[in-house]
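Colleague: Could you take me through one part of this model in detail? I would enjoy a close look at a single strand and its surroundings.

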Amino acid sequence: MAEKLKIIPLGGLDEIGKNITVLEYGKDMIVVDCGVGFPDEEMYGVDLVIPDFTYLVQNAKKLRGMFITHGHEDHIGSIPYCMQQVVCPIHGTAMTNGLIKLKLEEHKLADVVKLITHKPGDIVRAGCFTVEFIHVNHSIADAVAFAITTPVGKIVMTGDFKIDPASKDGMTDLTRFGQLGNEGILALLCDSTNVERPGYTPSENIVAEGLDRQFKNCDSRIVVTTFASNMHRIQAVLATAHRYGRKVAVTGRSMENMLKVAQELGYLTIPAGTLVELSATKSLPKNKVVIVSTGSQGENMSALYRMAFSTHKQVDIQAGDRIIISASAIPGNEKAVSRIINELYRKGAEVVYEKSEGLHVSGHACQEELKIIHALCKPKFFIPVHGEQRHLQLHGKLAVGMGVSPKNVRIGEIGSVIEFTGKSCKITGTVPAGKVFVDGTGVGDVGSVVLRDRKHLAQDGMIVVCINISAQDGCLISGPDIITRGFIYVKESEELMEELRDVVLESIDRCERKRIRDWTTLKTTIKNDLSGYLFKTTKRNPMILPVIMEV
């Protein structure tokens, strides 16, 4: 039988973030992107969510390279965790590789992993695959799409993109997409993030105009928070500050790192004398200062959060400061962002955010831009990616409206194996895939059982029952001592605590009468009796941990 091309999404479907896709043919395999996801409110204590790399580890000998579309965390954040298990060359553009290098250095992998830098138009051979880099617009510099030539046909993967005719680094290369469409595209894998939005995504120039309005005639200190990766936005802040005679200081680790990389690679032009150290702003008049900060998503350790809650070592928000939030809240972060905005208002600051002032534009294509890409590419098959289920379904319908046969739209799931010949496409099975949780330095040691326990503890608290039992005859020597955490305030609930001790004594008594010497059975009896009593009297279900010590 002839080999078939396999496209296997290990992330990025039914979720926003954690983008990673495997292309496999015979003895060759490449990976496109390797991102992280961020924990939701039920992932207690989890720092990051990364893909399950089991399939890559199992097929490490086939891996010919990793190709990265751009430098956002949801496309590069998992690279160090992956490279600790499988090592292969990483191909990306200059800005993307600059950011990846920082991550590899942080994890002490810079000498292990080979980074190969390309520019749009470059073509790379990786086993039986040929990968072409195509320039696209996005909210970070140096973003690309890929046209991947395989033995069964051409695959186009757009990555995250929009079409911005006024972009400083040139518009998305629609000419090349059109040429590829004329040559014949077997399958298109296209960004679905903004498929719900009609029309076109506004140009980044609109934000520059919005910033100018906020700077003009402002006599206060200005603090601007935005995504650290959006160099076009930061360039606009620098240019506007220079125009109004203000000095700019930067705070926040990711912002400082991004600025360093962008300067080294020439992606940022800083007007002479505009950028100063943060400490220097204390001696300047307030109407001559701009502070560019991290924290647009309400992150607890971000610079804006620390400024708002007076824990920043050098800057404290004061009455009259103008805070410009040049970003929109990522789904799930709305509460955190609102909390910071409320605290800023409490301090007397003036807060301006994108909903009312047009200070942010998306980096993703809306419906009309998606239609343009579909019209140019004219794919035989279509696989929507980068979105939750509603995004994928809506994008599938949009593709059908643009001429793709309904039977040629494939909406997969994480781990689905989508097999292609030159004429057919079908989902044939699954591979190991899912979410791996990073908690502190631990990777994968927090699973669904641990999360369930953390949720249980967070909702109902915990009761620990300690008893000392004779090793000779199994009689109770002392106890029970009952310790609670997150359940009740003991000093105000002494009556309930006495009742709980009585329940435990009754459980022990019953086991003694039955001559039970198995501590596991005794623990289970105590746990069940206490749980039933507590639910009946308090309608609560705390975690119960019996501890038996032999003396």
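Modeller: Happy to! Strand 15 (residues 289–293) is mostly covered, with 5 of its 5 residues buried. Buried here means under 20% relative accessible area, while exposed is over 50% and partly exposed lies in between, using a 1.4 Å probe and protein chains only. Strands (E, at least two residues) and helices (H or I, at least four) are DSSP runs, numbered from the N terminus. Before going on, a word on the source: this is a predicted model, in which local features need pLDDT of at least 70 and side-chain atom pairs count only at pLDDT 80 or more, while totals for chains, interfaces and linings use all residues. Residues are numbered from 1 along each chain as its sequence is written, and side-chain values use heavy atoms, leaving out hydrogens and water.

Back to the strand. In a regular strand the side chains alternate between the two faces of the sheet. In strand 15, Val289, Ile291 and Ser293 are on one side and Val290 and Val292 on the other, and both faces are covered, with all of these residues buried.

Now for the partners of strand 15. Two strands count as paired if DSSP finds at least two bridges between them. Strand 13 (residues 222–225) runs parallel to strand 15 and is joined to it by 4 bridges; in this pairing, valine 223 stands opposite isoleucine 291. Strand 14 (residues 247–251) is also parallel to strand 15, with 5 bridges joining the two, and here threonine 251 stands opposite serine 293.

Together with helix 8 (residues 253–265), strands 14 and 15 make a left-handed β-α-β unit. For the handedness, a crossover is right-handed if, with the strands pointing away from the viewer, the path from the first strand over the helix to the second runs clockwise.

Helix 6 (residues 205–215) has Val207, Gly210, Leu211, Gln214 and Phe215 as its buried residues. These residues lie on the same side of helix 6 because they cover an arc of only 135° around the axis, the arc being that of the directions from the helix axis to the C-beta atoms. After helix 6 comes asparagine 217, whose phi is positive, near 60°.
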